[in-house]
Amino acid sequence: MAYPVWVTAAGDIGVVPEAQYLKIALNAYDPGGNSLTYYFVAGEFPPGVYITKTGIIQGVPTVTNGAA
């Protein structure tokens with residue numbers, strides 16, 4: 001399998017307000033024609049947010065530090 005080619009531009013996804021639904025689609029392809037599986041490698045998402053195997057970052061971020 002060749003290295004994937006990213007279609008989604010690199011950068012910051014911005015600030016996502018607490019308790020508001022987030023959905024960001026990532027897009028890349030394998031020049032060899034194979035399917036890709038997306039997964040989280042490093043860092044962390046806020047609680048309530050995750051990435052799907054198909055490249056969707058989604059969820060509803062929640063605060064865990066006790067702030068209201």
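What percentage of the 68 residues in the chain do buried residues make up? Buried residues make up 21% of them, where buried means under 20% relative accessible area, exposed over 50%, and partly exposed in between (1.4 Å probe, protein chains only).

The structure is a predicted model, in which local features need pLDDT of at least 70 and side-chain atom pairs count only at pLDDT 80 or more, while totals for chains, interfaces and linings use all residues. Residues are numbered from 1 along each chain as its sequence is written, and side-chain values use heavy atoms, with hydrogens and water left out.

The chain contains five strands and zero helices; helices (H or I, at least four residues) and strands (E, at least two) are DSSP runs, numbered from the N terminus. Along the sequence the pattern is β-β-β-β-β. The radius of gyration is 14 Å, well over the 11 Å that the globule rule gives for 68 residues, so the chain is more spread out than a compact globule. This radius is taken over C-alpha atoms, and the rule is 2.2 Å times the number of residues to the power 0.38.

The residue F40 lies in the loop between β3 (28-29) and β4 (49-51). Beyond its neighbours within four places in sequence, F40 is in contact (heavy atoms within 4.5 Å) with F45 and I51.

| Item | Value |
|---|---|
| F40 to Y50, C-alpha to C-alpha | 8.4 Å |
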